[in-house]
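Hi,

Here is the model I said I'd pass on.

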Amino acid sequence: MPRHRLRYARAAVPFLLLAPVAALAQSAAPPDAAPADKPVTTETTPTQKEAIQTVKVTGAAASYDARRDDTASKTVLSADEIRKYGDDNIFDVLKRAPGITVTGKTLRMRGLGAGYTQILVNGDRPPPGFSLDALTPDQIERIEIVRAASAEFSMQSIAGTINVVLRKVVSKPQRDLRLSVMRSQESRNLNAGGTLGDRKGNLSYFLNGSLYAGENAFTNRSADYFYAPDGTLVQARETPYQGAGNYRGIALFPRLSWKLENGDELNLSAGLQATRSTWGGNTFNTNLVGSFPDPDYVEYYQSSPTSSRMQRIEGNWVAKLAGGKLDLTLSTERNRNTSDAYNDQYTAGRALRFLRDWDSETNGRRSSVRGKYARSLGEGHALTTGFDTSVQTSDEVRDRNEMLGTAGVIPTSTHVVETFSPKITRLAGYLQDEWSIDRQMSLYLGGRWEGVKIDSEASGLAPTRSNSHVLSPVAQALYKFFGADGKANGRQLRLALTRTYKAPTIEQLTARRYESALNTRFNADSAGNPELQPELAKGLDLTYEHFLPQGAMFSASASRREITDYIRTRLDLDPDGRWVYRPVNDGDALVRSFEAELKLPGKLLMEAAAAFDLRAAVTRNWSDVASVPGPGNRLDAQTPMSANFGIDWRKGDLSMGASLAYQQGGWVRISEAQSQHQQTRRDLDAFALWKLNPQYQLRLSVNNLLGMDNASDRIYEDASGTSREIGLSPGSPRVGLNLEMKL
């Protein structure tokens, strides 16, 4: 690390050591002592000589709320909340989660997307080839939304972490089947899924799976304009696009669990995802004003059949050890992705033809070992330490054929075979201590060291190597207010100090280049930068929470992130006259956010509204990139404001609900020359659930009730003039019908 970062890391070492030192200074508690404020159950049974009497004291586990009681804060979406609207994908579920916005297939916290918002599955990075798209809500046990970093998870979470926890072991027999169909003007989707689980003595098993298929269509009408510096329109063209495709796939997640006689636990689980899809489309440009660079390809045809496959096996051992609990996990994954991208382009009158056929195949492997040891160490202390290491390799082959020619002339051809073999080695260790000082105050202290080494080899390029490591301390505090009667009144304050980071991706680090078939400012080549360094962020979070009776709740939080070594994608014109995107470390950035959330059962307002539940959340985000002039110089095209509002109603066997998700748009300044406009969106969803009998229920859902279209607008302006590209893709409501059966 640079010297200033090394000084920062050294200064943090005493802080990291504070957790175990403070814990050791306390008198030792019994090894199995339960943390303060957690549910406890004790039972005493007399001997046969005594009177038959049983004294039982029980603290209701249902009263425990991780969001309310854990020092390291997180919001948990339960299985019931996830399945309420009958969604067929996780992205529609998270549109309604407080503080989260969904842009396409990108999940954003604090308005920041991929790389800033960390996505985990069962607390780990998704394996290569894993697709959130293929993950149905029925396969999910809960979703944890972590806004301030925790040492147990990777610190690659400047904006926050979304941890998807898959369904695992069942405590009673479970056999259910779910059939669903969804349709809109652009798509038809079918899904069949089910769960089979039971417990036999010390052995329990669980199998969740789904089959899915569908057809999608896509239309877009765009226009390109070029204006001279004096504002004169020099070039203009219209570009309609039509495309359609279909897909089918399967996902299986089995799990076995043994409870051993000594209290240890052995778990074996696996995962399989396989998907095939085809896509084809065509474009025909109409030049309205002026002429475009030669050659000007006005006809464009494409097709791209693809397939992907992922297999995963995991073994997990949980054992009591030295008064604590050891949790050790070994896993291995393999994935295979194939694609055949075919492009056929013609100039006006088909005078010149350009044909490109790219066949690519990627085979990836990853092996990992994770370990965690936790125990009570002193009064009110819960000490946890662990490690995480993995090795990931990938072998990619691209077979490219290109032909260029005119009618009646033998075309010139090019055949290139390219290979790419990156290897990523990760190592991390962490230590954390959650300390309940008294009934009012608790502290969370921890630290995590993470190192990443990337070795890359590619045909025609010299081997490259990248090393980075980050030491991340974290501290969180929870203070609960008590009333005059000596009882907690539901009000509490949270404070979090964090150091997080965003690592460059393998695509950003590699030196190889991808060339576009038609190179323009809006369709440029892309290249990597092996010299990239991670972005580092110092964070501060302050949260006020007020928990009221009947499940009502209000919270307000403010946060700040100071980012150094910000990675920006720069657009340049290279010496060969081609436009190219290239990532660079470019100065600092500042991110600020404010979030407010309200949950309000109707019965708190009036008895007549007892069947209603209301909820609302609003997030306001600000950011500034120092190297980009304002206004609108927001980081990662940050969503400036988002909100969601929901109302649910239940009476007897009928339940209904509606949710409105709002995302504010506006212009974003990407560089001195580049700007793009974000669309303002209003997505209204609704559902109705009818319980026919204890075994069957029918769910009707409607997404995008307002029929929002998708619009885009991009501008590039320099001394030569202004280029502008606008586009519009129509949208429509999507109706779904789900039949859920318990067998």
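**Strand pairing, cores and salt bridges**

Tyr-696 has Met-741 in β40 as its bridge partner. Two strands count as paired here if DSSP finds at least two bridges between them, and the element names are DSSP runs numbered from the N terminus (helices: H or I, at least four residues; strands: E, at least two). That pair belongs with strand β37 (residues 696-703), which runs antiparallel to β40 over eight bridges. β40 (residues 734-742) is also joined to strand β9 (residues 174-183) by eight bridges, again antiparallel. There, Arg-178 is partnered by Glu-740 of β40.

Before going further, some housekeeping. This is a predicted model, so local features need pLDDT of at least 70 and side-chain atom pairs count only at pLDDT 80 or more, while totals for chains, interfaces and linings use all residues. Residues are numbered from 1 along each chain as its sequence is written, and side-chain values use heavy atoms, with hydrogens and water left out.

On confidence (pLDDT is the predictor's confidence in each residue, from 0 to 100): the protein's mean is 87, and 91% of its residues reach 70 or more. Residues 1-62 have pLDDT below 50, and beyond near neighbours in sequence this stretch has 75 contacts in the model (contact means heavy atoms within 4.5 Å).

There is also an open sheet of four strands with mixed pairing, in the order β24-β25-β29-β28. Its edge strands, β24 (513-514) and β28 (567-573), each pair on one side only. β28 meets strand β29 (residues 579-585) in the antiparallel sense, with seven bridges, and Arg-568 sits opposite Val-584 of β29.

Now the inside. A nonpolar core is a set of buried Ala, Val, Leu, Ile, Met, Phe, Trp, Tyr and Cys residues joined through side-chain atoms within 4.5 Å. Buried means under 20% relative accessible area, exposed over 50%, and partly exposed in between (1.4 Å probe, protein chains only). The largest core has 36 residues, and Leu-94, Ile-143 and Leu-635 touch the most other members. Among the elements that each supply at least two of its residues are α4 (90-94), β7 (140-146) and β12 (233-259). The largest share, four residues, comes from α4. Leaving aside residues up to four places away in sequence, Leu-94 touches Leu-77, Ile-100, Val-102, Leu-107, Ile-143 and Ile-162. A second, separate core has eleven residues, including Ala-72, Ala-151, Met-155 and Val-474.

Last, the charges. With a salt bridge defined as a side-chain nitrogen of Lys or Arg within 4 Å of a carboxyl oxygen of Asp or Glu, the count comes to 54.

Glu-333 is in strand β17 and Arg-366 in strand β18, so the pair ties together parts 33 residues apart in sequence. Glu-333 is buried at 1%, as is Arg-366 at 5%.

Cheers
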